[in-house]
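Subject: Structure for you to look at

Hi,

Here is the structure I promised to pass on.

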Amino acid sequence: MGKKAAAAGPFHYIWNFLSSVKLTVAVLLTLAAASVFGTLIPQMGNPAQYVAKYGEVFYRFFLLLNLFDMYHSGWFRFLIVLLTANIVVCSIDRLSSLWKVVFIKTPRFKHAQFQKIPKKVNFEKTYPLGRVQEMYGAYHAKAFRYSRIESSVKGVYLFAEKGRWTRLGVYIVHLSVVLLLTGGLIGSLFGFEGFVNIGEGDTVDHIRLRSSNETKPLAFAIRCDDFNVSFYDTGAPKEYRSTLTILQNGKAVLTRDIIVNSPLRYRGINIFQASYGRLPTNSVKLSFTDRDSGMVYHEKGVIGKAIALPENRGTLMIDRFNQAANFKGHVIGEAFEATLTLNGKPPHNLLLPLRFPSFDKMRKGALTISVAGFDQRYYTGLQVTRDPGVLVVYAGFILMIAGCFITFFLSHERVCVELAPHGNNTRVTVVGSSNKNKFGMQRKLEHLGDKLSQLKL
Amino acid sequence: MTSSSILSVVTFVYGLAAFFYLSGWVFHKPLAGRMGTWVSFIGLAGNVAGIALRWAESYRMGIGHAPLSNLYESLVFFACMLTICCLVVEMRSGSRITSAFIAPLAFLAMAYASLSPNISDRIQPLIPALKSNWLIAHVITCFIGYAAFGVAFGLSIMYLFKQGQGDTDAGGLTARLPSRSVLDELAHRMVMFGFLFLTSGIITGAVWANSAWGRYWGWDPKETWSLITWFIYATLLHARMMRGWHGKRIAVLSIVGFMAVMFTYFGVNLLPGLHSYGAAG
């Protein structure tokens, strides 16, 4: 490339631009710098909080640059596309010339090239040339992928090489990056990411999408048979477990427990344990204790309905269930909120916390009201996803690790062993080169020299 | 003796090794350098024993898991990997002076784990998100990568140090450092090694995330910072292999890369995200 392209048209100009390593370095560093901003500025947050944090002017400026949803912004995607184009063009550009070198039938060896290498291993063998040639030829055939013997002015050259294919390693890495991005694209076009909360005993057949907040129907229904959360003695959570049943046309086809790290996969759709909570309950068992007589009455209450107080003292209306109730600034946990209307008195708001049954004693009323029990139900929070690109991405993962290994640790090694007669003996000169890791090659040559000098008939 | 007390002792053994290496270099005493190697081996044995004992202790407590689940345990493992890399480079380069720049890193990691009041050395049970076989693969690959980058960082500092003094300084401290070409080559090899493991670490993390959270990539700050680190080292490798960068510019990139590694490891805990179990506490 390069010189001939400069004279040609715009296509060559663009091709030249896209095949430059300077572009690679620039895009990689720009992506790195942009990602730093993405981690410093909270993503997909609430506009009011942004304004409070950065002020009106910066808020508008950041909004203009899409910095609040940066990873999905046009310019960030443009950078990724540019990087992909760069990788593809670079690879095609270099592969077209490399291909012929890698898939050559008879590799070319030029003795003059080896002669230039300053470091050589020399020794003398106490066998005539013919025997040494036979012995080393057999050794080369075993230890190398390709070997050949050529006669020289003074004696013979034994050429051998291996690892020619490892020159392709870096293109395997490049291919893997393209696969990762393709897999990501497939996922974003044909996949979805949603969530759904299902109460114990309930069945749903639709989920809510995370990106758009729209509901999406499923081709089957999910029933939550049971949810359990267990804790360690320290109070840290130990396990979240949901028992789920998949229903197809109303018929149960599969029942399984899922926990974090062990999702359920059904017809290309993955169901993950993501969160849990308590469902607001409808009915509650209340107890009323008469302060003077000590009599205890039990009544069943239902949210939204007024019940008559014992001894005809008035009415009690259960308004709602509060998961995290507050009393004078203190969190007192789960509680029912109710309105008490005693005969001839104005309505009075009550809190009936689950954890503190004697809480209502503070009111110093004639009747102390507390929660004796209620039907508690959990709901399980499920992450529901479909990503047809995952297999492509995983293939990319495998290729990337393999490609990095080949690129960094394997090389194309070429050696030339020169044999020259010296009386009844043979003089041996071992020399070689590799396309990378020169220090390592030197060590390998010394090792090869040791091996060859110790070979016996 | 508990694992925590063994590991506290290892901190001081590593400190002693670093001291020997540094005095071997500064005062030109080969004996001190040799002492550094022996003390490092003793420290490493203690470090490995401490990790093994901690693993056994967790099973005795009935909450058995690999000791790779919080900041304390990761620092201990990091120090172990750094010491192994340090000794390997020492053998390969045939010079103990490289260790004078690497052994202190292992000491600092251990000292931070053992002495910081913010880091608890208690064995805690695994929370549900961490209960996965990917935990071991993910943490081990990441920290081998971090350690290799740490060694490359030490070598790059040496390179800049040597270059700053010039080659004419015949009798001085820098004259005893390995030649610039050897430092450059060693650092490059460590970066390649680290890059392979960082890549594997990100990939095992992605596969794990896909089985725990249902997505292999979510731009969580830790994920993003590991990618930033990956971009920086990818730049270094391309600049060197394709544009023939050598020496100072590569050394600077390697130092910047290790800063990104450190931020991925510690700094990200200051940002909100899903990897909070790696935080102090």
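This is a predicted model: local features need pLDDT of at least 70, side-chain atom pairs count only at pLDDT 80 or more; totals for chains, interfaces and linings use all residues.

Let me begin with where the two chains meet. Chain A contributes 48 residues to the contact and chain B contributes 44 residues. Between them, chain A and chain B bury about 4200 Å², with 72% of that area coming from carbon and sulfur atoms. On the chain A side, the residues that lose the most area to chain B are A:Thr39, A:Asn261 and A:Phe408, which together make up 16% of what that side buries.

What about polar links across the interface? The salt-bridge rule finds zero between chain A and chain B, while ten residue pairs, both at pLDDT 80 or more, are in polar contact. Several elements of chain A each supply at least two residues to the side that touches chain B: helices H3 (21–40), H5 (74–102), H8 (169–190), H9 (390–409) and H10 (438–454), along with strands S7 (237–248), S10 (269–279) and S18 (377–386). The largest share, twelve residues, belongs to H3(A). By residue type, this side of chain A splits into 27 nonpolar, 13 polar and eight charged.

Finally, some details within chain A. Over all chains, the whole structure has 21 salt bridges. One of them joins A:Arg427 to A:Glu124, with the closest N and O atoms 3.8 Å apart. A:Arg427 sits in strand S20 (residues 425–434) and A:Glu124 in strand S1, both of chain A, so this pair ties together parts that are 303 residues apart in sequence.

A:Ile117 is in the loop between helix H6 (111–115) and strand S1 (121–125) of chain A. Leaving aside neighbours within four places in sequence, A:Ile117 is in contact with A:Val431, A:Gly432 and A:Ser433. From A:Ile117 to A:Leu452 the C-alpha to C-alpha distance is 20 Å, and the two are 335 residues apart in sequence.

Best wishes

How values were computed: Residues are numbered from 1 along each chain as its sequence is written. Chains are lettered from A and ligands numbered from 1 in the order in which they are written. Side-chain values use heavy atoms; hydrogens and water are left out. Contact means heavy atoms within 4.5 Å. Buried area is the accessible area (1.4 Å probe) that two parts lose on being put together, summed over both. A salt bridge is a side-chain nitrogen of Lys or Arg within 4 Å of a carboxyl oxygen of Asp or Glu. A polar contact is a pair of N or O atoms within 3.5 Å; within protein, one must be able to donate a hydrogen and the other to accept it, and residues adjacent in sequence count only if both atoms are side-chain atoms. Helices (H or I, at least four residues) and strands (E, at least two) are DSSP runs, numbered from the N terminus. Ala, Val, Leu, Ile, Met, Phe, Trp, Tyr, Cys and Pro count as nonpolar, Asp, Glu, Lys and Arg as charged, and the others, Gly among them, as polar.
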